[in-house]
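This report describes selected features of one structure, section by section. Please consult the sequence and the coordinates alongside the text.

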Amino acid sequence: MNPQNTKHDPASLVNKQLKQWVQEINELCAPAAIYVCDGSKAEYDRIMAEMAASGMAIPLEKRSNSFLFRSDPSDVARVEDRTYISYPERDQAGPTNNWVHPDELKRTMLGLYKGCMKGRTMYVIPFSMGPVGSPLAKIGVEITDSRYVVCNMHIMTRVGTRVLEVLGAEGEFIPCLHSIGAPLEPGQQDSSWPCAPIEQKYISHFPDENLIWSYGSGYGGNALLGKKCLALRIASAMARREGWMAEHMLILRLTNPQGRQFHIAGAFPSACGKTNLAMLMPTIPGWKAECLGDDIAWMKIGPDGRLYAINPEAGFFGVAPGTAYNTNPMAMDSIKENVIFTNCALTDDSDVWWELMSPPPAHAIDWKGKDWTPDKDYPAAHANARFTAPASQCPIISPDWEKPEGVPIDIFIFGGRRASVVPLVHEAYDWDHGVFMGATAASETTAANIGAVGNLRRDPFAMLPFCGYHMGDYFAHWLAMGDRLGDKAPRIFYVNWFRKTAEGKWLWPGFGDNSRVLKWMCERFEGKVQAQESPIGLLPLKQDLDLTGLKLPADNLTELLKVDAAAWKAELPDIEAHFKKFDSHMPARLSNQLQKLRERLG
Ligand code: SAT
Ligand code: MN
């Protein structure tokens, strides 16, 4: 090996535990070569060029340094059915997670991992979740046989030599083992998106050991293990042990015309507009928004007793379809260059396209690589097509987005996609009520996971697929954090941008106009406006929602703020059944909240 490149040699690793683990995985997976990533641009460019040469990456002439990938049609989203939270006892994983005993799961997976990297290079990716060296950051190392994963990790996390320096000889890291599960025999032609069949896919977490094993998928959260696997599932379990919070939340800063800053963190299920809200452009004059993160927040109580948040990620892995200049101009401006696109359509002039981005092109190549014209009765881009883009490219990224100590959170928002029942916004009476709102959050399902679209599912805190331990204990952890925060706890609100008329028309314009709702929250926080009590929480007085410049029919507003007691009463049995699942782990304080709601509804 060239002496300049010795840093890519696993022999150069100084962390003993890491060196040993790499050796073990090398013996198990039997790759053709091992390469330790340095995180440099040159490395990214070289690996991307290799993928372009093999035909896996399609360079886009219209966007500098950007590439399109098409996944296998069986590998297009997170596989929740194949995702495991593995503790010695089933009860530790709780009723909302798939569980297999660690011994059995490891036995099965070791069988799959045996020789699984034959003919491929094994990449060792040292990465930091959170600014390198931040007191809130954690170090992970992903071993993968996917070059696509290496390039995505370069964007989504902080990769490289600096991380190894912080790790030192004795430092601890979270081992994340990933294989696409497609060994290459000598002379065998590689496919453009190698992966294993669905019944061999496993996304496994061993929270007691801070260990992640993923096999068989190359897509998104199944394969970019820093994201949902580490920063949510493993981190949520660590956070409970260590007294902090790892949440599926965007982080944004709003500044009012007087220059006062408010920090907001919001939890919404995947593909419910989190990225749009994170990059919102306020339509109300004088208000400014900055983005700090669009998917995950790690939060710790600071020396002043307030809750401080960092975004552990370094990039956006955003849903492409629906993203457009009229809905999310800041996302569009973030993806002009240096982007990885997956499962978008390819236009004849070498650009990407997806549904609702702009008028459809006369002809394109769809995400399956087939000719597509607008008369087709199926979309050109997959509904879960994605862009991977550096967060630093967002024009409204906050100058403080990489502040090691994070930003103090004033407001929490929960929400989901509901065509009816849930009003535009309501505020919790107190912390316990807010935790109740989070615990009962529900949404109509989307294409972000493999499964039926449009069914109502309870998705507590938008963490249903991401909580690394018993959800009842997670509720208790939220209550305990509130007790510690006391009067410094963030205020809690619940929103629904997705309310429709009986005819199926949107009642609320959404997007930048959501700033009107955020403004009301900030004014509530400041104690500037009163609210109206209702059985489900505090609602805005009509005159306090700033609707200047918005032509919203008066009936819409009435409908948006209506609390239909009968419709809410009809939800109670479902909430009761939902709580019942958590059995003896269900905190009595939340059952009390349910009782109070029932009484208020009369
Ligand atoms: O595929 S990911 O899990 O990273 C995206 C999502 O579902 O939010
Ligand atoms: Mn997400």
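## Conventions

Two strands are taken to pair if DSSP finds at least two bridges between them. Helices (H or I, at least four residues) and strands (E, at least two) are DSSP runs, numbered from the N terminus.

This is a predicted model, in which local features need pLDDT of at least 70, side-chain atom pairs count only at pLDDT 80 or more, and totals for chains, interfaces and linings use all residues. Residues are numbered from 1 along each chain as its sequence is written, chains are lettered from A and ligands numbered from 1 in the order in which they are written, and side-chain values use heavy atoms, with hydrogens and water left out.

## The β30–β31 hairpin

Strands β30 (residues 531–534) and β31 (residues 537–540) are antiparallel and are paired over four bridges. Two residues connect β30 to β31 in a hairpin. Ala531 has Pro540 of β31 as its bridge partner.

Because Lys228 belongs to helix α8 (residues 226–242) and Asp295 to the loop between β14 (288–293) and β15 (297–301), the pair ties together parts that are 67 residues apart in sequence.

Burial is judged by relative accessible area: buried means under 20%, exposed over 50%, and partly exposed in between (1.4 Å probe, protein chains only). Lys228 is buried, at 5% relative accessibility, and Asp295 is likewise buried, at 8%.

## Helix α8

At 1.5 Å a residue, a straight helix of 17 residues would span 24 Å, yet α8 spans only 19 Å between its end C-alpha atoms. The expected span is 1.5 Å times one less than the number of residues. A bend of about 45 degrees occurs in α8 at Ala235, the bend being the angle between axes fitted to the seven residues ending there and the seven starting there.

Of the 17 residues of α8, 14 are buried, so the helix is largely enclosed by the rest of the structure. Gly243 follows α8 and has a positive phi, near 80 degrees.

Four strands form an open sheet in the order β11-β15-β16-β24, with antiparallel pairing. The edge strands β11 (245–247) and β24 (407–408) each have a single partner strand, so one side of each is left without a neighbour in the sheet. β16 (residues 307–310) is joined to β24 by two bridges, the strands running antiparallel; Tyr308 is opposite Pro408 in β24.

Helix α8 lies across β11 and β15, at about 155 degrees to β11. Helix α12 (residues 471–485) also packs on the sheet, touching β11, β15 and β16, and its direction makes about 125 degrees with that of β11. Contact means heavy atoms within 4.5 Å. Axes are lines fitted to C-alpha atoms, for helices over the stretch in contact, and angles run from 0 to 180 degrees between N-to-C directions.

Most residues other than glycine have a negative phi. Leu356, although not a glycine, has a positive phi of about 75 degrees; it is located in the loop between β20 (352–353) and β21 (364–365) and is exposed at 67% relative accessibility.

Asp583 is not a glycine either, and its phi is positive, at about 50 degrees. Asp583 belongs to the loop between α15 (565–580) and α16 (588–601) and is exposed, with a relative accessible area of 60%.
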